[in-house]
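Hi,

My notes follow below it.

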Amino acid sequence: PQQATVLSHIDAAVLRMSLSAVPNRGLTSQAAFFKIGKQQQRPNAAPQDLEQLPWFGKDAGQQQASVALAFGIASAAGSLVALQATRPRTTRATGRSARVVVASLNNAPCQACGTSSMTEIVDTEIDKKDVTFTLSVSNLPSKVGVLLLNIGTPATTAVDDVRDYLGRFLGDNRVIDIQPSWLKTCVLQVLLNTRPQKSAENYKRIWDPKRGSPLQFHTEDLAAGLQRHLGDEYVVRIGFQYSEPFTGDALESLVNERVSQVIVVPMFPHYASGTCGTTLAAVYERAAQMYCVPPITAVQPFFDNSSFLEAQVGLIRDAIGPRGEEVDHILFSFHGLPVTQCTSAHQDGSTCDTNCARRFDEGNKNCYRAQCHETARLLAKELDLDTDRCSVAFQSRLTLRGTVEWIRPYTDDAFESLAKKGVKRLAVVAPSFTADCIETLEELGITGREQFLEAGGEELVVVPCVNASKPWITGLAQIVRDQVPRAVNLYS
């Protein structure tokens, strides 16, 4: 009955609530005001009738209140705002004067992880006819964590290091899904007995003598540039799926920084279970093992995001001129994927086939092949390219001696066919990669160039990935900021 009386008084009052969730500073203030009448005064303790409430306690106005109570009051006020939105904006109280809870919350960090603290929360002004209730929350964690996810890279070009990396990579069921498990083990053993030697040689061809793995240092440069651009109110970290720094460890380091939110960014423009899916799974699996974790927000695939497309368009123009006038043809080469994985992403029960090159709708919007073709269309439109001067192909297939069907056409086949059709100067763009790596630098830039020249071509121009370019740092910063809650103000 006493609680109902208090709520009835609040419901009868005029409510104005301002919620300020300022970007980069966490929840800095919450305020709710209840006004009745004119004159005001400040009490030093809670009204006696409220002191008797079972959840309030004796001398509660001078005691430390729980964090749960403070947020409970704010939540109730927020719910009241929604109800009042459909009601008249002014309401005069009648009958008895309203009474409100007065409490002082001193610094009270979360005992589990220390991620929350509050100071001097509640302030009231009260008179026989006039009540003002103010709740402000301050000193909450002010930094936002940003976790850039990628698959990783071997530690060195030594065969053993390459084998360790490939073992983790190829052993991931989201990358190679073979059932039953004993058959997967047999296939993996065969691959790890033959593939590391060749891969190690390919890594040596693109390894920087001072900085090492291109994917590693391009990602580090991006993280550093993003940190500078976002400022001290963000904490940027790198997480690799199959090499150090591992994703789970990077997430834990952000939590230890007491960030108020973690924004995870899979550095893959298009969705695939073996890239976005597996890196996000690693984040959530580690989070499930931790006692206290801040809110986690995942950036969606950005294959059609203007920030990504504009950064890529600028690099293409720099390499081949306006409208690609410095080359005969532009080939958009995307990483390949098994057809079955593409089909699994269809929401309408349809099968991924060549129609996905022309169709992009609700039914196949998560299909990797459909997303890749959509990116190619958007880039071609922005570059004002003639449709007969550009095409799409897929690289880096692992067909396991023809037992697994991958999406076509294949990039290496396209090199040969385009050269035979008379294309002399060919540009190749790899929009499914955000950082140059073995697939772009060696497979396209070295082996691909050799294939094109042997087939009769004269020049192959490999357009760089967005890497840590200034336009991409700026664009990615905007993508990150879009994930942070903005200020909300509700007035009567």
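Two strands pair if DSSP finds at least two bridges between them. Helices (H or I, at least four residues) and strands (E, at least two) are DSSP runs, numbered from the N terminus. This is a predicted model: local features need pLDDT of at least 70, side-chain atom pairs count only at pLDDT 80 or more, and totals for chains, interfaces and linings use all residues. Residues are numbered from 1 along each chain as its sequence is written, and side-chain values use heavy atoms, with hydrogens and water left out.

Sheet first. Four strands form an open sheet in the order E6-E5-E7-E8, with parallel pairing. Strands E6 (234-240) and E8 (296-298) are at the edges with a single partner strand each, so one side of each has no neighbour in the sheet. From one strand to the next, the twist averages 25°. E5 (residues 144-150) runs parallel to E6, and seven bridges join them. Val-146 has Val-236 as its bridge partner in E6.

Now the chain as a whole. It holds 14 helices and 13 strands. Of its 492 residues, 49% are buried (under 20% relative accessible area; exposed is over 50%, partly exposed in between; 1.4 Å probe, protein chains only). Contact means heavy atoms within 4.5 Å. Among contacts between residues at least 6 apart in sequence, 73% join residues at least 24 apart.

Next, the cores. A nonpolar core is a set of buried Ala, Val, Leu, Ile, Met, Phe, Trp, Tyr and Cys residues joined through side-chain atoms within 4.5 Å. The largest has 75 residues, and Leu-148, Phe-332 and Trp-472 touch the most other members. Another core lies apart from the largest one, with 22 residues, among them Ile-151, Tyr-165, Ile-178 and Ala-200.

Gln-371 is in helix H11 (residues 368-383). Its relative accessibility is 2%, so Gln-371 counts as buried. Beyond its neighbours within four places in sequence, Gln-371 is in contact with residues including His-270, Tyr-271, Phe-303 and Lys-365.

Last, a helix pair. H5 (residues 181-206) and H13 (residues 438-454) pack at about 90°, with axes 9 Å apart. Axes are lines fitted to C-alpha atoms, for helices over the stretch in contact, and angles run from 0 to 180 degrees between N-to-C directions. H5 and H13 are therefore roughly perpendicular (65 to 115 degrees; under 35 is roughly parallel, over 145 roughly antiparallel, the rest oblique). Tyr-203 and Arg-205 of H5 and Leu-441 and Glu-442 of H13 are among the residues that make the contact.

Best wishes
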